[in-house]
Amino acid sequence: MPTSRRRFLASSTSLAAAALAGPAVVSAADARRPALLGGTPVHTGPWPSWPVWDPAWEEDFLRVCRSGRWNAAGGGPLADFERRWAELLGARRCLATSSGTTALITALHVLGIDAGDEVIVSPYTFIASYNAILAHKALPVLADTDPATLNLDPASIASRITDRTRAIVPVHIFGLPCEMDSITALARARGLRVLEDACQAWLAEYRGRKCGTLGDLGCFSFQQSKHIPAGEGGAITGMDEDLVDRCNSFHNCGRPVGRFQGSGFFTRGSNFRLTQFQGVLLLRQMEKLVAETARRREAADYLNARLGAIPGITPVRVPAESRGVYHLYPVRYDARAFAGLSRDAFLRALVAEGVPGSAVYKEQYFDGLLDEAIATRGFQRLFPAERLKAYRESFRELRGNRETCASVVALPQTVLLTGRPALDQVVEAFAKLQAAAPALAAAARAKS
Ligand SMILES: Cc1ncc(COP(=O)(O)O)c(C=O)c1O
């Protein structure tokens, strides 16, 4: 049951007292005053940096350097990684690629996406999910977001299906699993392919199975900021050997591979291969990932319980029997419970307290990328003008996504790796701003 602001304030006086229990240099008034209004920040000093390098890995790198086998051809750490990543996920196969974007482009090609097709995708995602579809001259059709889960609202997908729709791309945003049973059931009933954008969902679980093994194919990113970083990198996972062989061929200039021999020589393809150096990094990072995922989950559960008790802060809902991995840790912010203090003004106050909160994605379909795409000669030739007009107008119907973009407050994953004292400071900062919301709102109004 949500806590009322008044009840919360009565119980949170102990927070200010706790703040006073430290070195006596901070007065009670100063501890309560938001840092943005001249008070003392709750957290000072840095948060953990990312990615993390371990000198114990250097010998593995040097071995690759000395071997002279630096590219993807023939075994090596890269092949070991592919085998072990598939094992860890319970996938039949895994193929490493040069990035999450090239994994998506490859998988879409293999699933038959062609110029003039439509692909339904989550609007609430990193822009690469749109771009991979556009790379095929297909239309990224945006279904709506459920603000409670931040993921595709399964109920909004059916109305977006046209006779050109070929696939659905659910994005497990922040590593929070989508409601996959409804999505795959709808796809099966309508003859559509499902490609999971699991680029942020390493080891996320949906009803006992790992994200990336639930659709026809799944794609991962290992870019610098990710939980298993290799500078750049990606992977495609799947249960169907033939599909993964086709991906392998496409990412390797269209060479015949395994069960997929194509025309016997080259078929269409590109060079989206990863290097052995990244294979070394991924193997080592994978060992870390398992333990760190458990720590992030434990921290997220703790924050959900503590922050969820603050009026106006709501943890994100995950499907039953499912576990997120929190590439970012998000909550939803309701300005009405914060004396009308806008989400962005709240974020400024939070950052001033030393807590690195951010708003993450905005309504990026109004930013021009999609307008630019559909204005090209190619799209104008491929789609009737009235379809493109209706497509553009449909962005305004994304009410759930608008609410989501306006209400998310997210923390970087490194915060979840810090331990209880720092997590308690995060909670203290939110609680302090809740208590001071009227003063902050008044200051924001005076400034505007
Ligand atoms: C949801 C999502 N999809 C796709 C990508 C693309 O991955 P990459 O940056 O490795 O190309 C990312 C990367 O940030 C992502 O977060």
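I will begin with the chain as a whole, then turn to one strand and its partners, then to a separate sheet, and finally to the ligand.

Before anything else, please keep in mind that this is a predicted model, in which local features need pLDDT of at least 70 and side-chain atom pairs count only at pLDDT 80 or more, while totals for chains, interfaces and linings use all residues. Residues are numbered from 1 along each chain as its sequence is written.

The chain has 17 helices and 13 strands, where helices (H or I, at least four residues) and strands (E, at least two) are DSSP runs, numbered from the N terminus. Its C-alpha trace spans about 80 × 60 × 35 Å along the principal axes. Of the 448 residues, 47% count as buried, and by buried I mean that 20 or more other C-beta atoms, placed from the backbone, lie within 10 Å of the residue's own.

Let us now look at strand β5, residues 193–197, where five of the five residues are buried, so the strand is largely enclosed by the rest of the structure. Arg 193, Leu 195 and Asp 197 cover one side, whereas Val 194 and Glu 196 lie on the other, and all of them are buried.

What does β5 pair with? Strand β4, residues 165–169, pairs with β5 in the parallel sense over two bridges, and two strands pair if DSSP finds at least two bridges between them. Within that pairing, Ala 167 has Arg 193 as its bridge partner. Strand β8, residues 217–221, also runs parallel to β5 and is joined to it by three bridges, with Asp 197 standing opposite Cys 219.

Elsewhere there is an open sheet of three strands, in the order β10-β12-β13, with antiparallel pairing. Here β10 (313–315) and β13 (408–412) stand at the edges with a single partner strand each, so one side of each is left without a neighbour in the sheet. Three bridges join β10 to β12, residues 328–333, and Ile 313 stands opposite Tyr 333.

Finally, the ligand: which residues come nearest to it? Of the 14 residues around the ligand, those are Gly 100, Thr 101, Ala 128, Cys 199 and Ser 221, where near means that the C-beta atom, placed from the backbone, lies within 6 Å. The elements giving two or more residues to this shell are α6 (100–110) and α7 (128–134).

Technical notes: Buried ≥ 20, exposed ≤ 12 C-beta atoms within 10 Å, placed from the backbone.
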